[in-house]
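Subject: Structure handover

Hello,

Here is the structure I said I would pass on.

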Amino acid sequence: SVGLTCANATYHIDTKCNEDQYWITQGFCRQSCFEAGRGYDNDNCCPSTTDPITLPPTSAPTDFPFSSTTCSWDNPPDPYYVNFENGTDSTGNGLSEESPFATIAYAVTNRLPCQTIYVLEGLFEYSGTNKIVNLNNVWDLKILGHPNNVAKPILSFAFCRGAFLGSNVTNVEIAGLEIVGPNDDMTYEEAMAARNETSNTDYGYNSRGIAIWSGHHIYIHDNVVHHCPASGIRVDNGDYITIDSNHVHSNTWWTSVAESAIVLATSVSIDQVTSTKMFLTNNLVHDNVNKIPYLNRGYAWDYSPLTGGCGNYTPCELGLVEGCPWQCRYGKLTQ
């Protein structure tokens, strides 16, 4: 059969063909995958008779520009190792694959400057209500799937704030992990009920995979992040950010704050450099949808960001649907 050629998708051909399940299902770049010797099962493509599709060029830095002033990545400490299933969180462990820590959180707490944490494949199921890994004030750290892993280590969470969250994060790399949220275990009725509560403390419906609220020089790549109720990956108030080659899908279903799968928000420059410093590149993103209407409790009854004002509509003041234009109900309980 004649398949689809992808002229400048070398990265995808080398990493996605016959390996990524979504690519296998969709049959992306079928002709090019076949010609590269990485064809899908049972493919037998004849020479292409179609014009090649040219994908947008990517320009993410091949060597991410970490900028530590407290340590040297050329002379780092010995790496830590984490094994969810066979590790022990105690002093004296973590320095070998044979005697690893049990959790990333413990390794992060006991890190040294310019520390690398290698995570061995396995499953970590978090049943707490906070976050799996606290990244507050974390600098000079790499959290990486072990290079010899066959499968990505999986971090799964239920009703909590999310997987990796923090503020004031600098010179941090997160790569080679799979993060699984609880979307499949939540319902529309539950999420709507949480949205409409007067005092909404059900943060679990707004939980995220990776969320960094401020920081710079952050490199998030080659992760799979899915089924998180809010964003899969986001960085707010950041600079020198690269989010590259992640598979982010089936997120944002139950959030009431209108989040997206991958977010760069309110970025803040830390210097006077005018070249490109923020990169969203090579990410595979699909099936992320807001199923819950947006709610902003800060909106006054007569305010709308979509129109000049709603003060002339009594039904809006009374919190009614009928007689209150939809523009005036945007972000309100009646939306």
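This is a predicted model: local features need pLDDT of at least 70, side-chain atom pairs count only at pLDDT 80 or more; totals for chains, interfaces and linings use all residues.

Salt bridges. The structure holds six of them. One joins Lys-142 and Glu-173, whose closest N and O atoms are 4.0 Å apart. Lys-142 has a relative accessibility of 18%, and because the cut-off for buried is under 20%, it counts as buried. Glu-173 is buried too, at 9%.

Another salt bridge pairs Glu-259 with Arg-208, with 2.4 Å between the closest N and O atoms. This pair also links distant parts of the chain, 51 residues apart: Glu-259 sits in the loop between strand E15 (247-249) and strand E16 (262-265), while Arg-208 is in strand E10 (residues 208-212). Glu-259 is buried at 7% relative accessibility, and Arg-208 is buried with a relative accessible area of 13%.

Arg-234 and Asp-236 form a salt bridge as well, at 2.9 Å from N to O, and both residues are buried.

Helix H5. This helix spans residues 188-196, and its buried residues are Ala-191, Met-192, Ala-194 and Arg-195. They cover an arc of only 160 degrees around the axis, and therefore lie on the same side of H5.

Regards

Conventions:
Residues are numbered from 1 along each chain as its sequence is written. Side-chain values use heavy atoms; hydrogens and water are left out. Buried means under 20% relative accessible area, exposed over 50%, partly exposed in between (1.4 Å probe, protein chains only). Helices (H or I, at least four residues) and strands (E, at least two) are DSSP runs, numbered from the N terminus. The arc is that of the directions from the helix axis to the C-beta atoms. A salt bridge is a side-chain nitrogen of Lys or Arg within 4 Å of a carboxyl oxygen of Asp or Glu.
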